[in-house]
Amino acid sequence: QVQLVESGGGLVQPGGSLRLSCAASGFRFSMSVMRWYRQAPGKERELVARISPSGVVLYYADSVKGRFTISRDNGKYVGYLQMNNLKPEDTAVYHCCQVYGANEYWGQGTQVTVSS
């Protein structure tokens with residue numbers, strides 16, 4: 001059974017940091033492309049970052065370049081999104097998506113709120 005569980009979200013002040021995790025099971029994590037998306041209230045879902053199965057970073061949204069880092073540990077079946085210098089406009093629900101062959105797997109999302 002495929003399962004993706006995100007964690008690490010929360011409330012943080014502007015300028016703070018959070019590290020999101022995406023724990024995967026039920027498929028060959030090391031062969032999947034991992035994406036992080038976010039969706040803020042009233043806005044469309046936005047692709048934040050993407051990483052290849054071997055750990056090559058493929059994409060960052062312009063809005064997060066230099067502040068966010070995507071990574072993965074294939075041995076642990078976990079993906080990460082390190083978020084530094086957070087801004088109020090980063091407030092959103094963040095979702096991990098794994099693309100494995102023709103399949104897309106999604107987690108339930110984790111809320112990130114940046115506010116003073």
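1. E46 is partly exposed, with a relative accessible area of 28% (buried is under 20%, exposed over 50%, partly exposed in between, with a 1.4 Å probe and protein chains only). E46 forms a salt bridge with R38, their closest N and O atoms being 2.8 Å apart; the term means a side-chain nitrogen of Lys or Arg within 4 Å of a carboxyl oxygen of Asp or Glu. R38 counts as buried, at 7% relative accessibility.

2. A word on the source: this is a predicted model, where local features need pLDDT of at least 70, side-chain atom pairs count only at pLDDT 80 or more, and totals for chains, interfaces and linings use all residues. Residues are numbered from 1 along each chain as its sequence is written, and side-chain values use heavy atoms, leaving out hydrogens and water.

3. Do follow R67 too: this residue forms a salt bridge with D90, with 2.7 Å between the closest N and O atoms. Both R67 and D90 are buried. Together with R38 and E46, they are linked in a network of salt bridges.

4. The structure holds 5 salt bridges. One of them joins E104 to R35, at 3.4 Å between the closest N and O atoms. E104 lies in strand β10 (residues 103-106) and R35 in strand β4, so the pair ties together parts 69 residues apart in sequence; strands are DSSP runs (E, at least two residues), numbered from the N terminus. E104 counts as partly exposed, at 44% relative accessibility.

5. M83 is worth a look as well: its contacts (heavy atoms within 4.5 Å), not counting residues up to four places away in sequence, include F68, Y94 and R67.

Definitions and conventions: Helices (H or I, at least four residues) and strands (E, at least two) are DSSP runs, numbered from the N terminus.
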